[in-house]
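Subject: Structure for you to look at, with notes

Dear colleague,

I am handing over the structure we spoke about, and I would be grateful if you could read the notes below with it open beside you.

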Amino acid sequence: MLRRSMLFMPGNNPGMLQTAEVFGSDSVILDLEDAVSLGEKDAARILIKGALKTFNYGTTEVVIRINPFSTPYALEDIDVMARLKPNAILLPKATPEDMKQLDEMLTKIEKEEGFEEGVIRIHALVETTYGVETVYETIQMSNRVDSVCLGGEDLSVDLGVARTKDSEELFYARTKIVNACKALKIDAIDTPFTDTNDEAGLLADTIHAKKLGFTGKLSINPRQINTIHKVYSPTAAEISWANRVMYAKDEAEKEGLGVFSLDGKMIDAPVISRAMNTLNAARVIGLIK
Amino acid sequence: MKILKPAKAGTLESNDISIMLMPGTNGIELELESIVEKQFGTEIRTLIENSLKELGVENAMIKAIDKGALDYTIKARIETAVTRAGEM
């Protein structure tokens, strides 16, 4: 699936849960962690349970962010939420050890509930220095992992540095996460841009992350979705280029050529693969038929 | 299910309902305040009473202040309050 934007929604807010799908993000993350106060974790679990049984979120991916394993809430979060069969669980402060434990718990619950094994997917939220250093191993701990998301706020605290608007302090984490995700063929989702009133800043930050290899971005405000989608959706020029590559490929195949050129540039398998990805993404979001 | 102690759930924010539950001895005694009392007062009362019944609560005093909550929210807040007020 296309995962350009993943929008956080507070798990104990009825109004937000009932409108979560209308903002058009590719995924919604119903949050049991930071957005829910310690005394309301039970209420949020029960409210999300009701919302998932009541609303049809359509093609929007429904993800539940549980509390970290280091808290007293994680086990009950998983036990209650997994039985509702959400599309995915977002594991905060992800490490290889926690990923293994989550995967085992999901497998057990899927068996008990009669769900197909592996149907509940996982997104790993990497937001500690240890998590960054072990991200490759974390992904390998479970076949369920569909993406790694970067949590820049907590990571900068762990690094002992100030969180800045240009995110220079996250450069190492960003590139390390992207590389691990590309190597293991999963999505790389960038940290949220937290100044919700700075649209130009959001645009610049999203463009920069895309250049580093990220495939989508976390969001903390519905107003950010359009900007994120603009950056991560194929442009008309990209779609036109991809169509021309595929046409040239078909022509070259007829002539028995493995490698060919277009506009003076060599076209080989990786370029063809990029063109196909562009066209697939354009199809998924309805830009082409 | 017996209500052993007073408990609260929900908020006074839009789309939510605040529930205050207390031990009672005279069946379900419900006091409701709602911004949609005229349109949906009867339905909300029935929903609250049925939710308590489903949870096995026979005696309780309830004060509910509704700010336009949908059914799923009302049921969730009742379940939360009941869980907090006793043992399921």
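A residue is called buried here if 20 or more other C-beta atoms lie within 10 Å of its own, exposed if 12 or fewer, and partly exposed in between. B:Asn15, with 18 other C-beta atoms within 10 Å, is therefore partly exposed. Please keep in mind throughout that this is a predicted model.

B:Asn15 is found in the loop between S1 and S2 of chain B, and its phi is near 75°, a positive value in a residue other than glycine. A:Asp263 also has a positive phi although it is not a glycine, in this case of about 55°, and this residue is found in the loop between strand S9 (260–262) and strand S10 (265–267) of chain A. A:Asp263 counts as exposed, because it has 9 C-beta neighbours inside 10 Å.

The contact between the chains

Ten residues of chain A and 13 residues of chain B make up the contact. On the side of chain A that touches chain B, the elements that give two or more residues are helix H1 (14–19) and helix H2 (41–54) of chain A, and the largest share, seven residues, comes from H2(A). Sorted by class, this side of chain A has five nonpolar, four polar and one charged residues.

The buried residues of H2(A) are A:Lys41, A:Ala43, A:Ala44, A:Arg45, A:Ile46, A:Leu47, A:Ile48, A:Gly50 and A:Ala51. What covers these buried residues includes, from chain A, H1, strand S2 (27–31), strand S3 (61–65) and helix H3 (74–82), and, from chain B, strand S1 (7–9) and helix H2 (71–85).

S3(A) is itself mostly covered, since five of its five residues are buried. A:Glu61, A:Val63 and A:Arg65 lie on one side of S3(A) and A:Val62 and A:Ile64 on the other, and all are buried, so that both faces of the strand are covered. S2(A) and S3(A) pair in the parallel sense over five bridges, and A:Asp31 stands opposite A:Arg65 in S3(A).

Strand S4 of chain B

In a regular strand the side chains alternate between the two faces of the sheet. Strand S2 (residues 17–23) of chain B runs antiparallel to S4(B) and is joined to it by seven bridges, and the bridge partner of B:Ile17 in S4(B) is B:Asp66. Strand S3 (residues 28–34) of chain B is likewise joined to S4(B) by seven bridges, but these two strands run parallel, with B:Glu29 standing opposite B:Met61 in S4(B).

The domain assignment of chain A gives domain 1 (5–232) and domain 2 (236–284), and the centres of the two, taken over C-alpha atoms, are separated by 33 Å. Helix H12 (residues 269–284) of chain A has 16 residues and reaches 22 Å from its first C-alpha to its last, close to the 22 Å expected at 1.5 Å a residue. The buried residues of H12(A) are A:Ala275, A:Thr278, A:Ala281 and A:Ala282, and because they cover an arc of only 125° around the axis, they are on the same side of H12(A). These buried residues pack against helix H11 (236–254) of chain A, whereas the face turned away from the buried side carries the exposed residues A:Ala269, A:Pro270 and A:Ser273. H12(A) is followed by A:Gly286, whose phi is positive, near 80°.

Two pairs of residues to look up

A:Asn221 lies in the loop between strand S8 (216–219) and helix H10 (225–232) of chain A, and although A:Asn221 and A:Phe23 are 198 residues apart in sequence, they are 9.6 Å apart in space, C-alpha to C-alpha. In chain B, B:Phe40 lies in helix H1 (residues 37–54), and its C-alpha atom is separated by 9.6 Å from that of B:Gly68, 28 residues apart along the chain.

With best wishes

Note on methods
Residues numbered from 1 in each chain as written. Chains lettered and ligands numbered in written order. Predicted model: local features only at pLDDT ≥ 70, side-chain atom pairs only at ≥ 80, totals over all residues. Contact = placed C-beta atoms within 7 Å. Helix = DSSP H or I, 4+ residues; strand = E, 2+ residues; numbered from the N terminus. Nonpolar A, V, L, I, M, F, W, Y, C, P; charged D, E, K, R; others polar. Domains from an automatic or database assignment. Expected span 1.5 Å × (residues − 1). Arc of directions from axis to C-beta. Pairing = 2+ DSSP bridges.
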